[in-house]
Amino acid sequence: MLSYILRRVLAAIPVMIFVALFVFLLLRLSPGDPAAIIAGDTATPEQLEQIRERLGLNDPLLVQFADWGWRLLQGDFGESILSGTPVTSMIADRMEPTISLALTTIVLSIVIAVPLGVIAAWKHGTIIDRVVMAISVLGFSVPVFVIAYVLIQVFAINLKWLPVQGFTSIFDDPGTFAQRITLPTLTLTSLYIALIARITRTSMLETLGEDFVRTARAKGLAERRVLMKHALRNSAVPIVTVIGIGFALIISGVVVTESVFNLPGIGRLTVDAVLARDYPVIQGVILLASLLYVGINLLIDIAYVILDPRIRYA
Amino acid sequence: MFDFLAKTGRRAAPRRRTAAALLAGAAATALLATPLSAQTLKVVMHSSLRVLDPIITTAYMSRNHGYMVFDTLFALDEEYNIKPQMAEGYTVSDDGLTYTITLRDGLLFHDGAPVTATDVIASLKRWGERDGMGQKLMSQIASWDAPDDKTVVITLSEPYGLLMDSIAKPSSNVPFIMPARLAETPSTEGVPEQIGSGPFKFVQDEFQPGVKAVYEKFEEYVPRDEPPSWASGGKVVKVDRVEWIVMADAQTAMNAIMSGEIDYWEAPPYDLLPVLETVPDLTIHVINKMGSTTIGRYNFLHPPFDDLKVRQAAMIAMNQQDVMDAMIGNPDYYTICGAMFMCGTPLETEVGAEGVMEKDDLDKAKALLAESSYDGTPLVIMHPTDVGSLRTQPVVAAQAFRDAGFNVDLQAMDWQTLVGRRASQAPISENGWNMFFTTWVGADVFNPIANNMVNGKGSDGGWFGWPDMPEAEELRDAYAKAATVEEQKEIAEKLQAFAYENAMYIPLGQFTAPAAWTGKIEGVLDGPAPFFWNISKSE
């Protein structure tokens, strides 16, 4: 297992190099000129040229890539072209809201969705099943921003229980953190409940039809034990996969939710950087997101082994 | 089976109780939430502050930031009079060549150093490398001297009527004064620190680009005694702290101001104003009465707009009413205005503007097009879809042009792609362009020198589109040297007539953008930019 993990980590290196090269080239090929953005409306061609020179944008692509790559190896992601802020500190500032939202959403979603999916499978074809599925379809179908605005209208504007927007660090003020993270969490949870409940139900239905479940029931095991210990554990692989990918999706940025609740997360950082052609920031964020995807996939694979001892990695 | 239900039921109950307790707790905390500090002004600006150096960019957010942190030698009041700000006063020699400016007492930078004449000279020189009016001024200056720490002597090579107008310029780029050690930074590179002598200090540690910028009152700032008027007069800071919070979503900003989470919103979209107008204790007010103008600009280097008749046909095909209706909608916030140097200014005139002020004369446009060299090649109009204030004009123009007989290729892109592409002088077939639209704050176009669109320097030194029209440059030079206001007006009128006759660009209307603020704050000043001195906040 250890050698498998080591091999996976090593295999991530060429993936990251490819991602870095791809992102770098894609940005250089896309239209837009950071120098023109900085210079504004009245810059002369000479001034533009001087800014390009200073930013190193006139160097051959290979030189630019090598320079960036060399700095990356030293843990230096560069600075924002526009504000001069180090990319690492920009990403670090934006990670806390994003990770907080991802954790609260995933935990709340699992707590609600897995039991819902199990019950729906267990009560397959009954009204309970249909209600759970209807809720799932609704969660999938209603756009996130609609749910967000409805929640804001009810809980923030009408009832005045919660604030409309913003983020406070849990380390600064846990109470305000809880207030501010509640509505965005509920918004995203509506989507993730739908996702996880559906996959739980489908996976459970498949497992409940297996011989070993019939055997477990035949030997007189309590239904709860049959469902939770035998069926759910054997259904866990696809559920864990969906949860893992869902987590990675939030970590790489949920722009709409972040915008509506004014959460300064990774999603908004990415969109702002793309619109402003802030190359170092875009490159940094995409590299980080890729790294997280690789890491989360590795964790998912490890979880498979824990959940299903039949799975072995050579 | 029932056993399972019973057990899960029992287990679920504590969870439900926990969840309910959490929700109730969160709600209770919200109700008991600490009220916003009376001394912190929470503001949502029109955009995010990105570039901190207000000299290297013309971005309005950088200009607004500049007004917080830096101060100016002179400033305009609301009647467009030039008033001393950091200066105590100035004298001009009889031959009009030597300007002697004296600094007032008590000027300090945020690092504690006194402001000296050397700082002023270094700052103005750096500004003069970047700003259009500044470049023109620099070409007229023979020497700079600082006989003592408080005196700046500027000697001109020949009389130049716009020296004071230039250094009192209210909008981008504003000639802000910074320490000489920072002003020595090349003008293509941002200054490494935000140290000014303005009424607010920039809190670098709390700056998060795209999230917020924070300013604290500069306790040692000595305001002038005169009452504030635009950027002139006493800049008395009445709050401890100002936070510019970025909100990407207008609906969120509206909810936030309605719930009192923010105090001031610089630019609510026009379509949300009817909702805001129903909110009690919310003031909706236009602080920049001069407002902005929106324009269409041709590319003069390539067909078909290298042909005057085609440009005239395009100009006649459009009318301001359609653009303003589509873009602003509410007539309270727009004016049909043919004045290239803005309506409401001393240089206002509508000479030559009939083509854009009257409703379409399609027959005339079609006739001109038929007489022209236009061969039916589609016009490439750049359409920035990500900027609310710029996405409407190209659509209205495209329809007007089609009605007049043009073929149109409306190319959607983001604004930054447009910014990069409009700098290209390449032919249309090589990713060139025929037309784009933009907006200008009035203070950036209110005289022939500031207004880039009447620059006739061509592809070397002209503004995007690059008309090569030496006559326009002669008129601009004459304006710069004019000795009296009457003479300036006369020349500005001639230049406007020339610019319309030669279709240098299409002025498409003048509009204002109201700001909104809650009943907790008082003392918001009118101005060419949002100012945060003089504002007090109560609970």
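**Notes on the two-chain model**

1. Let's start with one residue: B:Arg421 sits in helix H14 (residues 415–422) of chain B; helices here are DSSP runs of H or I with at least four residues, strands are E runs of at least two, and both are numbered from the N terminus. This is a predicted model, in which local features need pLDDT of at least 70 and side-chain atom pairs count only at pLDDT 80 or more, while totals for chains, interfaces and linings use all residues. Residues are numbered from 1 along each chain as its sequence is written, and chains are lettered from A and ligands numbered from 1 in the order in which they are written.

2. Is B:Arg421 buried or exposed? B:Arg421 is buried because 22 other C-beta atoms lie within 10 Å (buried takes 20 or more such atoms within 10 Å, exposed 12 or fewer, partly exposed in between, with C-beta atoms placed from the backbone). Leaving out residues up to four places away in sequence, B:Arg421 touches A:Pro31, B:Met382, B:Asn431 and B:Trp433; contact means C-beta atoms, placed from the backbone, within 7 Å. B:Ala168 is 253 residues from B:Arg421 in sequence and 33 Å from it in space, C-alpha to C-alpha.

3. Now the contact between the chains, which takes 51 residues from chain A and 48 residues from chain B. On chain A, the helices that each supply at least two residues to the side touching chain B include helix H5 (87–122), helix H8 (174–208) and helix H10 (223–251). That side of chain A divides into 25 nonpolar, 17 polar and nine charged residues. For the classes, Ala, Val, Leu, Ile, Met, Phe, Trp, Tyr, Cys and Pro are nonpolar, Asp, Glu, Lys and Arg are charged, and the others, Gly among them, are polar.

4. Chain A has two domains, domain 1 (2–73) and domain 2 (88–307), with bounds from an automatic or database domain assignment. Their C-alpha centres lie 33 Å apart. The contact between them takes 13 residues from domain 1 of chain A and 12 residues from domain 2 of chain A. Which element gives the most to the domain 1 side? H1(A) does, with 10 residues. By class, that side has 11 nonpolar, one polar and one charged residues.

5. Chain B is assigned domain 1 (19–29 + 38–69 + 193–287 + 514–537), domain 2 (71–183) and domain 3 (292–511). The centres of domain 1 and domain 3 of chain B, taken over C-alpha atoms, are separated by 33 Å. Six residues from domain 1 of chain B and seven residues from domain 3 of chain B make up their contact. The domain 1 side has six nonpolar, no polar and no charged residues.

6. Chain B also has an open sheet of seven strands with mixed pairing, in the order S10-S11-S12-S1-S13-S21-S14 (strands pair if DSSP finds at least two bridges between them). Strand S10 (200–202) and strand S14 (282–285) of chain B are the edges, each pairing on one side only. S14(B) pairs with strand S21 (residues 515–518) of chain B in the antiparallel sense over four bridges. B:Ile284 has B:Ala516 in S21(B) as its bridge partner.

7. Last, the record: an unreviewed UniProt entry annotates "transmembrane region" over spans of chain A including 235–261 and 281–307; positions follow the numbering used here, feature names are shortened, and annotations may be inferred rather than shown by experiment. Residues 235–261 of chain A are 85% helix and 0% strand, with end C-alpha atoms 35 Å apart. Residues 281–307 of chain A are 100% helix and 0% strand, with end C-alpha atoms 38 Å apart.

Note on methods. Two residues are in contact if their C-beta atoms, placed from the backbone, lie within 7 Å.
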